[in-house]
Amino acid sequence: QQIQEDLNKQLFDNLVSFLRRSHSEFQEKTKEWTCRMKSREIPTAALVLGVNVTDHDLTFRSLSEVLQNNITPYIALLEAKDCPGIKNLMQKLMGQLMNCYIEVDSLEDEDCVQVSQKRMRCSMTSLINWYESVTKKMDSKTPSKKRTSCSRHWQSPPVVVIFKDMESFITKVLQDFIVISSQHIRELPLVLIFGIATSPMIIHSLLPHSVSSLLCIELFQSLSCKEHLSTVIDKLLLTAQFPFKLGEKVLQVLINIFLYHDFSVQNFIKGFQLCIVEHFYSQPLSVLCCQLVDAKKRVNSLSHDQCENIRRLPSFRRYVESQASQKQIALLTADNFLKEIIQKLLEDLHVYHENYVSVLRCLHVFTSSLPKYPLGKQIRELYCACLENRVWETEEYESSLQLARMLNKSDLVTMLQQCVEIFVSSSGKEFDKTVEKLKEFLTQFQKLEAEAFQEQDVSVSSQKELQKKTDLYHLQKTLLELKESRRSKKLTKFEKLRFEVVDYIDSLVRNYLVPADHKTLHEIVYFNTASVLRGHLNAAPRIALHTALNNPYCYLKNQALKSDGGSISNKAPDICIVYKLHLECGRLINLVDWLEAFSTVVMAVEGPNADAASSDQVDDIIHARFIRAVSELELLGFIKPSKQKTDHVARLTWGGC
Amino acid sequence: LAKKTKEDKMSNLVEEYFEAHSSSKVLTSDRTLQKLRKRRLNQQTLHDLLKKAPLAYAAEIKELNQQHESLFSKWMLQLHLGFNIVLYGLGSKRDLLEKFRTSVLQGSLHLVVNGYFPSITVRSILNSITEEVLDHIGNFRSPLDQLEFIIKRFKEDSSLQLYVLIHNLDSQMLRGERSQQILAQLSSLPRIYLIASIDHINAPLMWDQAKLSLYNWLWYETTTFSPYVEETSYENSLLVQQSGSLALSSLTHVLRSLTLNARGIFRLLAQHQLENKDNPSYPGLSFQDFYQQCREAFLVNSDLTLRAQLTEFRDHKLIRTKRGADGVEYLLIPVDDSTLTDFLEKEDEDV
């Protein structure tokens with residue numbers, strides 16, 4: 001647990017810092033703009049943030065932080081749910097502004113009095129009065145540090161009001177607020193910031209012309225969430241830094257949830273977190289999932305049971321089977337020997353990961369510049385493809401190779417060059433690069449480049465010659481030379497092709513093996529039970545209900561319940577029978593008929609052994625059971641009482657579910 | 001291929017919808033429960049009868065429950081990591097949550113909310129938090145203020161921990177947008193751990209993206225197959241006598257507390273109504289005629305006393321007045337005829 005919490009924290013810190021960075025640019029722009037604006041209208045910044053509402057919290061928080069540090073101490077952040085009316089809005093606004101102010105300089109106690117009475121009168125005039133008093137105070141004592149920085153920008157710092165979710169505000173409230181504040185813009189320098197989830201059109205549809213003409217709007221676009229995702233994946237998954245890895249299926253599930261459901265990076269992170277929790281909770285060997293140095297220590301302190309656990313791993317079994325018989329016995333019996341081997345294997349795994357990432361990036365540079373992107377445009381797609389299968393056996397890979405061969409023009413050289421550069425920088429970052437092959441590649445590429453330069457030189461010089469000498473004989477000669485050089489160029493083209501093939505085959509075959517089918521002990525670091533994840537994150541309650549009602553055998557393992565789909569088994573629980581009967585009906589269900597059908601089905605079981613004398617009582621019990629089942633169905637939302645006809649219920653679902 | 005079959009399934013579903021809703025005419029038989037020989041059961045007898053009926057597949061259900069119970073420690077871990085847990089599936093999850101409460105939460109601060117209880121509100125939940133957990137006396141102007149107060153307290157005091165168990169988060173009273181918003185905000189507090197259960201098939205519709213991210217749900221399928229005893233006891237089913245309309249028992253109760261003359265007046269009206277029960281255009285007994293009849297039977301002596309009596313009936317919802325086309329007041333008993341016949345028979349027995 002500890003490790004895992006550490007990991008969580010690490011992960012979160014990483015993410016937050018990344019988000020900060022990605023937003024900082026955007027914030028800089030906004031900030032600059034806030035400083036610059038000064039006009040008769042209310043300056044307004046519209047931030048188009050995208051539909052992933054859940055991620056915006058962080059953005060706004062950091063935005064207000066940045067603004068607070070650099071421009072103005074007065075920031076209010078309003079949410080739609082707090083402002084059902086203009087009165088609430090004003091209250092909230094004043095409360096926040098005064099609190100903001102106090103936060104900034106907590107030295108002054110007098111303001112506390114002010115705050116305590118804030119509820120009393122929350123009108124625009126009192127706000128202005130307050131603002132004037134504050135600014136006056138500010139003017140009077142300029143030596144204070146923060147103030148000077150403020151007043152450098154402005155004599156009177158602006159009051160920034162952020163509307164977090166523009167779409168969910170009530171139009172009337174928003175309009176009123178804008179109109180009111182526009183009347184006081186002289187005394188109270190307001191700046192509005194709208195957070196918009198959809199498109200800037202919403203401003204015009206929410207605000208009529210008379211109101212929007214009071215605003216001076218400038219638009220800001222934030223990064224799209226897809227870019228966020230790819231950076232997050234880049235930072236979290238494609239580093240050797242984190243020992244924990246995701247299996248292909250799990251990653252696919254997470255990405256699918258992101259792309260097809262919510263576009264929320266926050267949820268992606270949540271899913272990732274859940275994976276970590278699940279992994280460390282369910283897999284007993286996950287203690288070894290940590291940095292190499294720690295892992296080695298932990299291997300030494302493994303208990304016998306844990307060793308047994310390791311022996312039971314399928315990947316380890318495969319490893320044992322591939323060993324000599326002598327060694328097999330030692331592995332299966334002697335713990336100490338096993339521990340040594342494990343250490344070695346873990347080291348292998350670590351090295352493998354390090355190589356993997358950089359080669360993957362290299363391949364990505366190659367494939368992402370191909371037309372039509374057979375292996376995917378984003379690095380995450382490539383990663384999935386590589387995790388899923390042996391990548392060199394797939395058709396897409398084949399086609400991408402073919403494309404690379406066809407694409408063999410001079411611009412490919414520049415592309416290669418660029419790719420090498422990235423490779424160098426990444427290999428520089430991955431400090432203990434174990435294979436020397438990178439450098440080998442490099443020299444090969446450099447040779448290539450040099451040759452290409454020579455070629456160019458030759459051709460350039462020949463062209464110059466062509467221009468110089470104009471008589472026929474020379475012309476013919478140079479043309480012949482050119483032809484020859486062209487032929488030789490073809491040869492170098494071939495060379496390049498060969499390079500590529502070597503490059504590919506080398507790096508791929510050695511480093512790109514699918515983890516599951518090649519590496520031993522991969523269970524320790526890979527989390528691969530996608531079904532659990534899907535069940536917890538993306539549940540389908542309706543399907544669960546449907547299967548439980550339709551086919552109770554799935555849950556209640558009783559042989560009597562086993563039946564073939566369509567027919568109504570009379571041994572099923574009451575509610576299942578009632579449900580099946582209700583499926584056969586149309587939109588309205590007659591209760592009497594329903595009851596009778598139910599009792600015939602149920603009586604079929606009890607009929608043989610029930611006496612005629614007690615039939616009345618049995619009838620009563622069946623009636624009661626029917627009532628219970630129907631009210632349960634009502635609770636579940638399958639039916640509702642209907643007024644259309646007496647003693648009828650309406651069905652709320654249709655078809656088979 | 002999978003995609004294609006899915007598409008097929010989708011289009012099938014769509015067609016099925018339109019099939020179900022195409023014709024406005026519905027073909028069902030015209031039989032009503034009225035014609036059934038059976039009398040309607042009331043809540044108590046229903047309960048007794050159900051007790052007699054054996055629970056089917058008890059062993060299997062027990063096994064299922066044990067499976068779910070093995071997850072308890074995992075739930076605790078996940079709750080502490082900032083997730084909240086929601087249980088779905090067929091069957092009442094009340095016992096399961098109770099078991100969770102008694103076995104794991106013993107000794108720690110927890111709050112149980114019975115969502116199926118028809119008079120539960122968010123305010124009462126918040127009140128129990130502020131009053132019993134935070135020991136704060138005093139009322140708040142709005143739930144939002146109260147929520148703010150709670151958030152503030154929880155932020156200040158890091159030793160506070162609270163487990164909230166909500167049975168039926170999707171019940172009638174809690175499914176509103178505002179209550180869900182408040183609960184979501186509550187559950188997003190780091191030291192409030194929420195476990196809830198849902199039953200309605202459309203329960204997930206009440207959460208949008210923002211609420212979902214506040215709730216931070218982990219879904220668990222816990223199909224128990226156990227009957228919804230507590231949950232449906234508040235559900236007014238069609239087949240059970242409804243407390244809303246006048247029942248025979250309440251009719252006799254009210255009338256037993258009245259004077260002899262008053263009972264006579266009601267009897268007169270009931271008899272008159274029964275005599276005219278086959279006449280669909282019977283508007284009720286007009287006040288003047290009624291007064292005349294009552295006078296003749298020596299039940300009232302003046303216009304005023306009859307009016308006073310009728311007002312009392314009206315207060316107990318025993319009669320309804322309707323003004324006819326000619327401006328005359330007509331009196332009706334809003335009880336179905338069979339109940340009325342039963343009532344008269346019973347009166348005759350008593351007398």
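**Figure 1. An open sheet of chain B is formed by 3 strands in the order β6-β8-β7, with antiparallel pairing.** The model is predicted, and local features need pLDDT of at least 70, side-chain atom pairs count only at pLDDT 80 or more, while totals for chains, interfaces and linings use all residues. Residues are numbered from 1 along each chain as its sequence is written, chains are lettered from A and ligands numbered from 1 in the order in which they are written, and side-chain values use heavy atoms, with hydrogens and water left out. Helices (H or I, at least four residues) and strands (E, at least two) are DSSP runs, numbered from the N terminus; two strands pair if DSSP finds at least two bridges between them. Strands β6 (285-286) and β7 (320-323) of chain B stand at the edges, each with a single partner strand, so one side of each has no neighbour in the sheet. Between β6(B) and β8 (residues 329-332) of chain B, the antiparallel pairing runs over 2 bridges. B:S286 has B:Y330 in β8(B) as its bridge partner.

**Figure 2. Helix α12 of chain A comprises residues 265-282.** At the start of α12(A), a side-chain oxygen of A:S264 comes to within 3.3 Å of the backbone nitrogen of A:Q266.

**Figure 3. The largest nonpolar core holds 89 residues.** Such a core is a set of buried Ala, Val, Leu, Ile, Met, Phe, Trp, Tyr and Cys residues joined through side-chain atoms within 4.5 Å. The members that touch the most others are A:F244, A:L246, A:F268, A:F316, A:L521, B:W75 and B:F100. Helix α17 (residues 335-368) of chain A gives the most to this core, with 11 residues. Residues up to four places away in sequence aside, B:F100 touches (heavy atoms within 4.5 Å) B:F72, B:W75, B:M76, B:L79, B:L105, B:L165 and B:I195. A second, separate core has 76 residues, among them B:I61, B:V133, B:I166 and B:I201.

**Figure 4. Two sites in chain A are shown, A:Q175 in helix α7 (residues 171-183) and A:S303 in the loop between α13 (292-300) and α14 (304-312).** A:Q175 is buried, at 19% relative accessible area. Neighbours within four places in sequence aside, A:Q175 is in contact with A:L206, A:L207, A:P208 and A:V211. A:S303, by comparison, is partly exposed at 33% relative accessibility. A:S303 and A:P541 are 238 residues apart in sequence, and their C-alpha atoms are 42 Å apart in space.

Figure 5. Most residues other than glycine have a negative phi. B:N216 is buried, at 19% relative accessibility, whereas B:F298 is exposed, at 74%.

Key. The expected span of a helix is 1.5 Å times one less than its number of residues. A polar contact is a pair of N or O atoms within 3.5 Å; within protein, one must be able to donate a hydrogen and the other to accept it, and residues adjacent in sequence count only if both atoms are side-chain atoms. Buried means under 20% relative accessible area, exposed over 50%, partly exposed in between (1.4 Å probe, protein chains only).
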